Amino acid sequence: MKSLRDQYRILIDRANTMRRLRARPRKVADGFLFSGHKGVFLNHWETGERKFVSKLLPNVDLFVNFGAHHGYYCCMALKANVQTIAFEPIPENCAMIAKNVRENGLEENFSLFPMAVSNKTGIVEMYGLNRPTTSLLKGCSPTSHLKTWHVPVHKIDDVVQASAFQGKKILVLMDIEGSEAFALECGKTLLNSDPKPIWIIEIFPKKRYEHSPAHRVFEMMFDAGYIAFSFDDSLNGQRGSQSSLVEITGDVVNLRFEEGGNFVFCSNEMTDAFAHLFRRT
């Protein structure tokens with residue numbers, strides 16, 4: 001049985017969700033109207049990621065956002081006249097995405113799939129309050145013990161046809177709190193599309209929660225012919241090789257880095273195209 005404190009936190013989370021749905025949108029630094037968590041209205045919120053996405057958007061045909069939350073990056077892409085596909089499993093978040101897209105008159109060229117993505121199809125549990133850390137992995141979110149959601153889950157390859165990807169320059173943003181490797185297992189159509197997409201994936205090492213499959217993301221991306229970069233809020237970029245990021249000892253695979261963050265995966269050709277965006281180190 002949950003304590004009174006936990007029950008109070010759940011009620012406050014629910015009240016905050018409903019308040020955001022009713023709130024009047026405010027203009028954000030990237031020039032569109034938005035309703036969402038108060039953090040997005042601060043100039044230092046995801047500075048590097050926002051800068052990088054905004055610089056890439058003029059050079060892509062399609063933006064795919066897994067774990068869209070309230071749709072901030074979707075609005076960025078749509079404002080740049082880029083066709084956008086969003087995946088978000090929590091119903092209240094889908095309502096927020098719809099509100100934000102509609103408030104800016106950006107409905108055209110937008111598709112929303114109200115589902116999680118993984119290596120299975122069905123109904124699964126998500127853990128945590130309605131925050132960006134809600135995850136399919138129990139223990140990933142610091143509020144995993146407070147709330148469970150039952151959401152639809154599908155394989156990427158089963159949902160979006162290959163024709164939607166082929167021949168397009170694609171930017172993929174994946175922020176799904178530890179489930180990245182499972183989604184990529186059944187996202188081969190997108191992973192291997194021609195030309196190869198640019199991927200921005202948030203990855204954290206296994207010490208953040210038990211049984212993290214984070215190392216498999218690097219293995220799959222390297223096997224598919226991608227190279228990796230890490231970057232910080234100042235866009236200081238550093239290229240990482242398989243040997244520098246992944247250590248294999250016998251049958252044990254470990255990540256060589258301790259801190260997580262955003263990693264960019266792309267082909268050599270695409271690296272040449274946007275290398276000037278990085279301050280290389």
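Student: In which sense, left-handed or right-handed, does α1 pass α4?

Tutor: α1 passes α4 in a left-handed crossing. A crossing is called left-handed if the near helix is turned anticlockwise from the far one by less than a right angle, and right-handed if clockwise. Before going on, keep in mind that this is a predicted model, where local features need pLDDT of at least 70 and side-chain atom pairs count only at pLDDT 80 or more, while totals for chains, interfaces and linings use all residues. Residues are numbered from 1 along each chain as its sequence is written, and side-chain values use heavy atoms, with hydrogens and water left out.

Student: What numbers go with the packing of α1 and α4?

Tutor: Two packed helices are described by the angle between their axes and the distance between the axes. Axes are lines fitted to C-alpha atoms, for helices over the stretch in contact, and angles run from 0 to 180 degrees between N-to-C directions. Here α1 and α4 have axes 10 Å apart, at an angle of about 20 degrees. The two helices are therefore roughly parallel to each other. The cut-offs are these: angles under 35 degrees count as roughly parallel, over 145 as roughly antiparallel, 65 to 115 as roughly perpendicular and the rest as oblique.

Student: Which residues of α1 and α4 meet?

Tutor: Contact means heavy atoms within 4.5 Å. On the α1 side you have Arg14, Thr17, Arg20, Leu21 and Arg22, and they meet Glu92, Ala95, Met96 and Lys99 in α4.

Student: How many residues does α1 have, and how far does it reach?

Tutor: Helices (H or I, at least four residues) and strands (E, at least two) are DSSP runs, numbered from the N terminus. α1 covers residues 4-22, so to speak 19 residues, and reaches 27 Å from its first C-alpha to its last. That is close to the 27 Å expected at 1.5 Å a residue, where the expected span is 1.5 Å times one less than the number of residues.

Student: Which residues of α1 are buried?

Tutor: Buried means under 20% relative accessible area, exposed over 50%, and partly exposed in between (1.4 Å probe, protein chains only). In α1, the buried ones are Asp6, Asp13, Thr17 and Arg20. They cover an arc of only 70 degrees around the axis, which puts them on the same side of α1; the arc is that of the directions from the helix axis to the C-beta atoms. The buried residues of α1 pack against α4 (91-103). On the face turned away from that buried side, you'll find the exposed residues Leu4, Tyr8, Leu11 and Arg22.

Student: Now α2 and α3. At what angle do their axes cross?

Tutor: Helix α2 (residues 47-56) and helix α3 (residues 72-79) have axes that come within 10 Å and cross at roughly 25 degrees. That makes α2 roughly parallel to α3. The contact involves Glu49, Arg50, Val53 and Ser54 of α2, with Tyr72, Tyr73 and Met76 on the α3 side. This crossing of α2 past α3 is right-handed.

Student: Is α3 mostly covered or mostly open, and how many of its residues are buried?

Tutor: Mostly covered: seven of its eight residues are buried. Those are Tyr72, Tyr73, Cys74, Cys75, Met76, Ala77 and Leu78.

Student: What is the phi of Asn81, and where does this residue sit?

Tutor: Phi of Asn81 is near 65 degrees, a positive value in a residue other than glycine. Asn81 lies in the loop between α3 and β4 (83-87), and it counts as exposed at 69% relative accessibility. Asn109 also has a positive phi, about 65 degrees, although it is not a glycine. Look for Asn109 in the loop between α4 and β5 (110-113); at 47% relative accessibility, Asn109 counts as partly exposed.

Student: Which peptide bond is cis?

Tutor: The one from Asp194 to Pro195, with omega near 5 degrees. Pro195 is in the loop between α7 (188-191) and β10 (198-203).

Student: What does His37 contact beyond its sequence neighbours?

Tutor: Leaving aside residues within four places in sequence, His37 is in contact with Arg20 and His70. His37 and His70 are 33 residues apart in sequence and 8.5 Å apart in space, C-alpha to C-alpha.
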